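User: I'm new to this structure and would like a close look at one part of it. Could you walk me through the place where the ligand sits and what surrounds it?

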Amino acid sequence: MGGIILGIESTAHTFSFGCVSTDGELFPSFSSLFRPEEGGIHPREAADHHSESTANLLNQLSSNKDFSWESIAAVAFSQGPGLGPCLRVGASVARTLATRLSVPLIGVNHCVAHIEVGRNQTGCIDPVLLYVSGGNTQVIARADGRYRVLGETLDIGIGNMLDKFARSQGMPFPGGPKIEKLSRAYANSGPQSLDDAYLPYGVHGMDLAFSGMLTSATQKVSEGSPLEQICWSLQEHSFATCVEVAERALAHTGKTELLLGGGVACNERLRQMSQIMCEERGAACYWPDKQFCIDNGTMIAELGRRMLECGIETELMDSAIDPSLRTDNTTVVWQ
Ligand code: AMP
Ligand code: MG
């Protein structure tokens, strides 16, 4: 690696360090995922996990044959949105490294980083982003120097919804991949049927809602519906709402590219449904490698690189975390 930007991700369950070269080559991240023994993610426990994994992750990063501390040109970190205690760990490590190495510090918007890593990896130019992760579900597009939120969840993120349903059925975090497996087993087992498996469909204008779907799915299983069929139905309903809003965003903005991002974008069925919608309207559909869909340090580095190119740096006194940072708070000056 020549000059590199180091990126640090710590918004929620994942603590991750990743690099991008100053000319935009992406390198795999070194990550540690917090998996609660029971219940959901407790912010304080996740933050403890992050502090305890710091030394190990930095050792992995620095023992990589291509890495040298001297080549670091800047340190970028997730400034928000996310869980306060978790963000604080990443920010502290970033401030320490930037100060020690005497390089610029760059606080970045986590949601915008999902877009920029996707644009880098797939080559799409001006997409509508369907951002589907644990805590966030948004449909985003660039207009007038910002990434605007055209629609979003009114209650919980789609990934949290899948994780909660999985947890109610005794499947540990992260539940999304396990639901995908059971859904596939059902879809491959014979004719698919929505009989007795309809769920409330949560599209409200350009916005989405998932909690009604979750409650109803849980109820159906407790009343004896087969788990595999309900997993399948939950995917079909929740993905259809996302794809519907994404399609309307393409229609309203006149854009012709759809980009998927966030951990739920690892799902093959969501990719297939998005691809079909795009083909039907003559648009192109893109998704980055799975390693860049889930939260990762490399995407933070990539947005840091774009900002650094435009001369944007974060002074220490401005480097406080912002747990409720919005996608459209960040001015986008890069191409
Ligand atoms: P993120 O918050 O972007 O790191 O994404 C994490 C979320 O992605 C969790 O809620 C996971 O359950 C979900 N997820 C990861 N892989 C899949 C998959 N194959 N299908 C559905 N959800 C997934
Ligand atoms: Mg994310």
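Analyst: Let's start with the spot itself: the space taken by ligand 1 is the largest pocket. A pocket here is found on a 1 Å grid over the protein atoms alone, as an open set of points where a 1.4 Å probe fits, with protein on both sides within 12 Å along at least five of seven lines. A molecule sits in one if more than half of its atoms lie within 2 Å of its grid points.

Before going on, a word on the source: this is a predicted model, where local features need pLDDT of at least 70, side-chain atom pairs count only at pLDDT 80 or more, and totals for chains, interfaces and linings use all residues. Residues are numbered from 1 along each chain as its sequence is written, chains are lettered from A and ligands numbered from 1 in the order in which they are written, and side-chain values use heavy atoms, with hydrogens and water left out.

Now for the neighbours. Around ligand 1 there are 18 residues, and the closest are Asp163, Gly176, Glu180, Gly263 and Asn267; being near means having a heavy atom within 4 Å. By type, that shell splits into 6 nonpolar, 9 polar and 3 charged residues, with Gly counted as polar and Asp, Glu, Lys and Arg as charged.

Where do they come from? Domain 1 (4–116 + 292–329) and domain 2 (126–289) each give at least three residues to the shell; those bounds come from an automatic or database domain assignment. Two helices, α4 (158–168) and α5 (176–188), each supply at least two. Helices are DSSP runs of H or I with at least four residues, strands are E runs of at least two, and both are numbered from the N terminus.

Next, the polar contacts, meaning pairs of N or O atoms within 3.5 Å. Aspartate 163 has a side-chain N or O atom 2.6 Å from an oxygen atom of ligand 1. Glycine 134 uses a backbone N or O atom, 3.1 Å from a ligand 1 oxygen. For asparagine 267, a polar side-chain atom lies 3.0 Å from a nitrogen atom of ligand 1. Taken alone, ligand 1 exposes 500 Å², and the protein buries 94% of that, by the Shrake-Rupley method with a 1.4 Å probe.

Most peptide bonds are trans.

Key: A polar contact is a pair of N or O atoms within 3.5 Å; within protein, one must be able to donate a hydrogen and the other to accept it, and residues adjacent in sequence count only if both atoms are side-chain atoms. On a 1 Å grid over the protein atoms alone, a cavity is a set of points where a 1.4 Å probe fits but cannot get out, and a pocket is an open set with protein on both sides within 12 Å along at least five of seven lines; lining residues have an atom within 4 Å of a point.
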